[in-house]
Every structure is written in structure tokens, then in C-alpha cells.
Amino acid sequence: MHLAYPAVLSALLFCTGLYGVLARRNAILVLMSVELMLNAVNLNLVAFDVWLSRAARDTLHSGQALTLFTVAVAAAEIGIGLAIVLAVYRNRGTSDIDRLRDTAEGPDAAPGAEKAEATA
């Protein structure tokens, strides 16, 4: 199999994940898009590892080992990310990224309200 096939598939997956990160408002969908981007990178790591290991038989398969490390880090990242999203959802009642400013602010606080109170 040629290297171009997994590389093109990986590029399409990465672009789909990038679009999801930039265009979505829901925090869970953003986390899913980040996972899609990480899986695209993992596909590239394995494809290039197989492609480069054909030349030398005595390789360490470092691309596959790095992929396992990336999967472990991604699992920890999604666990912590979902815990944060659930905590914010319980406090605010929404997981919309645009509506979340700072967890210390009240739900009715406007961005310029603090400046108006300080000048009065």
C-alpha cells in the first residue's frame, strides 16, 4: 500500500477535526474534534513508521510506541476535559463555549459592568 492513502485520509481527518474545533460551540463536540485530530496524527505516525521500517528490518517501531503514548495521553485528556465540562454544566446549566466567560462571574454579569461600577 502506498503512503499517500493513509496520509490523505489523515489530512482529511485532521481538517475535519480542525473545523470542529473552530466552528462548534458545544464543549463536548470540541473535545470530540480534538480526539479526531489526535487520531489523525496517530494514523500518520503508524503509516510513516511502517513506511520507514521497510528499508531497515532492525527498527524499534518508535512511531507505534509514540502512538500508544499519544493514546494514553488522549485518554487522560478526555477524562479531565469531560470532568471539567460536567462541572461547568452543573454550575451554569450550559456547555456552550460562547456563553461561558469565567466561572467566578455571575450569570447576569456583563463584560463592562465592573468598569461602570468602578467609575460611579
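**Figure 1. Accessible surface and overall make-up of the chain.** The chain exposes about 8,800 Å², and carbon and sulfur atoms supply 66% of that area. Accessible areas come from the Shrake-Rupley method with a 1.4 Å probe, and for residues only the protein chains shown count as cover. The model is predicted: local features need pLDDT of at least 70, side-chain atom pairs count only at pLDDT 80 or more, and totals for chains, interfaces and linings use all residues. Residues are numbered from 1 along each chain as its sequence is written, and side-chain values use heavy atoms, with hydrogens and water left out. Of the 120 residues in the chain, 22% are buried (buried is under 20% relative accessible area, exposed over 50%, partly exposed in between, with a 1.4 Å probe and protein chains only).

Figure 2. The chain has four helices and zero strands, in the order α-α-α-α along the sequence. Helices (H or I, at least four residues) and strands (E, at least two) are DSSP runs numbered from the N terminus. The average pLDDT of the chain is 83, and 80% of the residues score at least 70; pLDDT is the predictor's confidence in each residue, from 0 to 100. Confidence is highest in α1, at a mean of 96, and lowest in helix α4 (residues 113-119), at 56. Where pLDDT is low, the predicted coordinates should not be read in detail.

**Figure 3. Surroundings of Ser10.** Ser10 lies in helix α1 and counts as buried because its relative accessibility is 3%. A polar atom of the Ser10 side chain lies 2.6 Å from the backbone oxygen of Ala40. The side chains of Ser10 and Asn44 make a polar contact at 3.2 Å (a pair of N or O atoms within 3.5 Å; within protein, one must be able to donate a hydrogen and the other to accept it, and residues adjacent in sequence count only if both atoms are side-chain atoms). Leaving out residues up to four places away in sequence, Ser10 touches Ala40, Val41, Leu43 and Asn44, where contact means heavy atoms within 4.5 Å.

**Figure 4. A nonpolar surface patch.** Phe14, Leu18, Leu22 and Val41 make a nonpolar surface patch of about 350 Å². Patch residues have over 30% relative accessible area and no salt bridge; nonpolar side chains (Val, Leu, Ile, Met, Phe, Trp, Tyr) are joined within 5 Å, like charges within 9 Å. A salt bridge is a side-chain nitrogen of Lys or Arg within 4 Å of a carboxyl oxygen of Asp or Glu. Helix α1 (residues 4-23) gives the largest share of the patch, three residues. Phe14 is in helix α1 and is partly exposed, because its relative accessible area is 33%.
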